[in-house]
Amino acid sequence: FVSGGAVPVQKRGTKLEDYIHMADWYATFCAIAGVDHADTRAAQAGLPPVDGVDHSGLILGDAEFGSGQRSEIHHSARALTQGRWKL
């Protein structure tokens, strides 16, 4: 559930059917706050980049529902959901 003053009135109470993974929330909240989600200190230490997709356009109304950047959700090394199928 997402609520609050940043969510446009026309989007409140609507259901978003696009896939948003838990790892995406950090990048999404950073975009809404107007800050870069990249971690330069971690990159300098040789760590991989932050894993997440910015979905702020879907939440704030700048993108149409159904235009999300994820087509599947990985639950574990042995399970994922793609479309309406859990494999």
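Q: How do you know how far to trust the details, and how are residues numbered?
A: Residues count from 1 along each chain as its sequence is written, and side-chain values use heavy atoms, with hydrogens and water left out. Since this is a predicted model, local features need pLDDT of at least 70 and side-chain atom pairs count only at pLDDT 80 or more, while totals for chains, interfaces and linings use all residues.

Q: Why is S56 called buried?
A: Buried means under 20% relative accessible area, exposed means over 50%, and partly exposed is in between (1.4 Å probe, protein chains only). S56 has 12% relative accessibility, so S56 counts as buried. Across the chain, buried residues make up 22% of the 87 residues.

Q: What does S56 touch, and where is S56 found?
A: S56 sits in helix 3, residues 56-60. Leaving aside residues up to four places away in sequence, S56 touches T28, A31 and I32; a contact means heavy atoms within 4.5 Å. As for G34, 22 residues from S56 along the chain, the two C-alpha atoms are 11 Å apart.

Q: Why are strand 1 and strand 2 called a pair?
A: Two strands pair if DSSP finds at least two bridges between them. Strand 1 (residues 72-76) and strand 2 (residues 79-82) have 4 bridges in the antiparallel sense, so they pass that test. One of the bridges links E72 with Q82 in strand 2. The two strands form a hairpin, with 2 residues between them.

Q: What makes up the contacts in the chain with a separation of 6 or more?
A: Residues 24 or more positions apart account for 60% of those contacts.

Q: What does the C-alpha trace span along its principal axes?
A: The trace covers about 45 × 35 × 20 Å.
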